[in-house]
Amino acid sequence: MRTVVITGGTDGLGKGLALHYLHQGARVLAVGSTPEKGEALLAEAAALSALDRVTFLRADLTSVAAAEELVTTIKGTCRSVDQLVLCAQRYRLFGPRTVTPEGFEHSFALAYLSRYVLSHGLREVLEPAPRPVVMNVGTPGVPLGRIHWEDPQLTRRYSGTKATLQSFRANDLLGVAFAALRPDTRIRYIGYNPGVVATGMPDHLPRPLRSLTKASFAVLATTVAKAVTPMAHLLDEPPGENFSAYRTTRRLPLKGKAFDQGAALRLHALTQDLVLRRRA
Ligand SMILES: NC(=O)c1ccc[n+]([C@@H]2O[C@H](COP(=O)([O-])OP(=O)(O)OC[C@H]3O[C@@H](n4cnc5c(N)ncnc54)[C@H](OP(=O)(O)O)[C@@H]3O)[C@@H](O)[C@H]2O)c1
C-alpha cells in the first residue's frame, strides 16, 4: 500500500491531498499542530471507511527537535514512504519578530527549517519506494524575497514580509541543493506553487488584511478540490529530473537567483551547521 506523509495535512491544500489519497486507497500520515483539526480529519476518514489507513501526528513544526522526533516516529512506523508533501505554514506578515525557544526566527523555523529536516531526514525511507517524490509547496516562480546571508534570523531590520519571503526563497534553494547533493537519487524533488487557493490561510491574518484576502479569494482563488488535481498528478507522475519547479500545471525554468546551485549549497551548509549546533 502506498504511504503518503503530509505536513499541514489537517487543513487547506494538505488536507485536500490527504482526502484525495485516502479515496485512492493509500495510507496517509497527516501532520499538524492542532488536535481538533486532526480529530476532524479522522472523522472524515471514518466516513470514507478509511480510518485504518489514516494517522494524525501532532507536532509543532516551529521546533527542530519536534521535526526530528517526527522523522524518528515516521521511520519507526513506515518501511518506506512514497510521497512526502510539505505544506505546513503559518504566515506572520505583521507584528514583532518572534523567536522560537530554540532561538530561530518563526518563519525561518516553521516554513523552512522543518522542511529541511523532513526532506533530508526521511530520505532513507523514501529511497526504497517505487517512485519516491518530495513536493515542497510554496511559491516558486515569485520574483520576491532573498536570503539575508549576513543575518538569516533577521535580528536587525526585521519585517514579517521579509521573513516570509526569505522562507519562500530558502525552500526553492532547498530543492536545488537536495538534488545537487545526490545526483544518483531516485527521489524526485518538486517545488510547487499552487497559485491562489481558497484555504483557511487568511483566518490567521490580522483583521483588515484578513477581510481583503478573503474578498480577493472569492474572486481569484480556485477551490482546494480543484487545486489538488494537478498536485496529485505530479506526485503520481513526477518528471524524470531530480529537481523541478511548477506553478500549477506550468513547469518553471530553473533560472535566476531562486535556483542558483551555488547559493543552494551555501544555504545547505549554513542550515546543516545551525541544526548540528542546536543538537550540541
Ligand atoms: N493558499 C494559497 O493561496 C497558497 C498560495 C501559494 C502557496 N501556498 C502554500 O501552500 C501551503 C499550504 O497552504 P494552505 O493555504 O493550505 O495553508 P492552511 O490552510 O493555512 O493550512 C496550513 C497547515 O499547516 C499546519 N501548521 C501551521 N502551523 C503549524 C505548526 N507550527 N506545526 C505543524 N503544522 C502547522 C496547519 O495545521 P495547524 O493549524 O493544526 O497547525 C494546517 O494543517 C503553504 O506552504 C503555502 O505557502 C498557498
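Two residues are in contact when heavy atoms of theirs lie within 4.5 Å. Keep that in mind while reading this predicted model.

Start with the whole protein. It holds 9 helices and 8 strands. Its radius of gyration is 18 Å, close to the 19 Å that the globule rule gives for 280 residues, so the protein is as compact as a globular protein of that length. Along the principal axes, the C-alpha trace spans about 50 × 45 × 40 Å.

Now look at how the chain meets itself. Residues 24 or more positions apart account for 78% of them.

What share of the 280 residues is buried? The figure is 53%. The protein exposes about 12,700 Å². Carbon and sulfur atoms supply 55% of that area.

Finally, zoom in on one residue, Ala-245. It is found in strand S7, which covers residues 243-247. Is Ala-245 buried or exposed? Buried means under 20% relative accessible area. Ala-245 has a value of 0%, so it is buried.

Which residues does Ala-245 touch, leaving aside its neighbours within four places in sequence? It is in contact with Pro-140, Gly-191, Arg-250, Arg-251, Leu-252, Leu-254 and Phe-259. Ala-245 and Asp-172 are 73 residues apart in sequence. In space, they are 8.4 Å apart, C-alpha to C-alpha.

Terms used
Residues are numbered from 1 along each chain as its sequence is written. This is a predicted model: local features need pLDDT of at least 70, side-chain atom pairs count only at pLDDT 80 or more; totals for chains, interfaces and linings use all residues. Side-chain values use heavy atoms; hydrogens and water are left out. Helices (H or I, at least four residues) and strands (E, at least two) are DSSP runs, numbered from the N terminus. The radius of gyration is taken over C-alpha atoms; the globule rule is 2.2 Å times the number of residues to the power 0.38. Buried means under 20% relative accessible area, exposed over 50%, partly exposed in between (1.4 Å probe, protein chains only). Accessible areas come from the Shrake-Rupley method with a 1.4 Å probe; for residues, only the protein chains shown count as cover.
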